[in-house]
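Please read the short report below alongside the sequence and the three-dimensional view, and look for each named part as the text comes to it.

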Amino acid sequence: MDCPGVAQAAAIAAQHPKWQERPLLLVVPSRNVMPTREAVMETLRAKLARWQLPDDVVFVDALPLTATGKIDKKALRARFGDHLMTNITSEETRREDARR
């Protein structure tokens, strides 16, 4: 990922209340610069179709690795797989409240 301040990133499929699964991006910031969610999303908007964009960006200290040094997506799904179920629901509620 070519975004200033991003040392590592991984996308996983997270459960979604409406679409079953949607992308969730996990980002390890670099030591010198802490990127914002908006900066990461702006970088992705320039490269991906709208439907491919992650529903959320979560900043983490490190990504778990397997014994062979690859990113352990099973561990990430176990930890963050339901992230969108709680956070998207509250975000949708806020949007609905704002419309009223």
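## The chain as a whole

Of the 100 residues in the chain, 31% count as buried, where buried means under 20% relative accessible area, exposed means over 50%, and partly exposed lies in between, with a 1.4 Å probe and protein chains only. The model is a predicted one, in which local features need pLDDT of at least 70 and side-chain atom pairs count only at pLDDT 80 or more, while totals for chains, interfaces and linings use all residues. Residues are numbered from 1 along each chain as its sequence is written, and side-chain values use heavy atoms, with hydrogens and water left out.

The chain contains three helices and three strands, which are DSSP runs numbered from the N terminus (H or I of at least four residues for helices, E of at least two for strands). Along the sequence they follow the pattern β-β-α-β-α-α. Among the contacts (heavy atoms within 4.5 Å) with a separation of 6 or more, 59% are between residues 24 or more positions apart.

## The sheet and its helices

The three strands form an open sheet in the order β1-β2-β3, with mixed pairing; two strands pair if DSSP finds at least two bridges between them. Because β1 and β3 stand at the edges with a single partner strand each, one side of each is left without a neighbour in the sheet. From one strand to the next, the twist averages 30°.

Strands β1 and β2 run antiparallel and are joined by ten bridges, and they form a hairpin with three residues between them. Within this pairing, Q15 stands opposite E21 in β2, and A10 stands opposite L26 in β2. Helix α1 lies across β1, β2 and β3 and runs at about 130° to β3, whereas α2 packs on the sheet, touching β1, β2 and β3, with a direction that makes about 60° with that of β1. These angles run from 0 to 180 degrees between N-to-C directions, and the axes are lines fitted to C-alpha atoms, for helices over the stretch in contact.

## The nonpolar cores

In soluble globular proteins, nonpolar side chains tend to be buried together. Here the largest nonpolar core has twelve residues, including A10, I12, L26, V58 and F80; such a core is a set of buried Ala, Val, Leu, Ile, Met, Phe, Trp, Tyr and Cys residues joined through side-chain atoms within 4.5 Å. The elements that give two or more residues to this core are β1 (6-16), β2 (20-29) and α2 (73-80). A second, separate core has nine residues, including C3, V6, V27 and L44.

Which residues does L26 touch, not counting those up to four places away in sequence? They are Q8, A9, A10, I12, V58, V60, L63, L76 and F80.

H16 lies in strand β1 and counts as buried, at 6% relative accessibility. A polar atom of the H16 side chain lies 3.0 Å from the backbone nitrogen of K18.

W51 is found in the loop between α1 (37-45) and β3 (56-59), and W51 is exposed, with a relative accessible area of 63%. Although W51 and R22 are 29 residues apart in sequence, their C-alpha atoms are 9.2 Å apart in space.

Notes
Polar contact = N/O pair within 3.5 Å; in protein donor to acceptor, adjacent residues only side chain to side chain.
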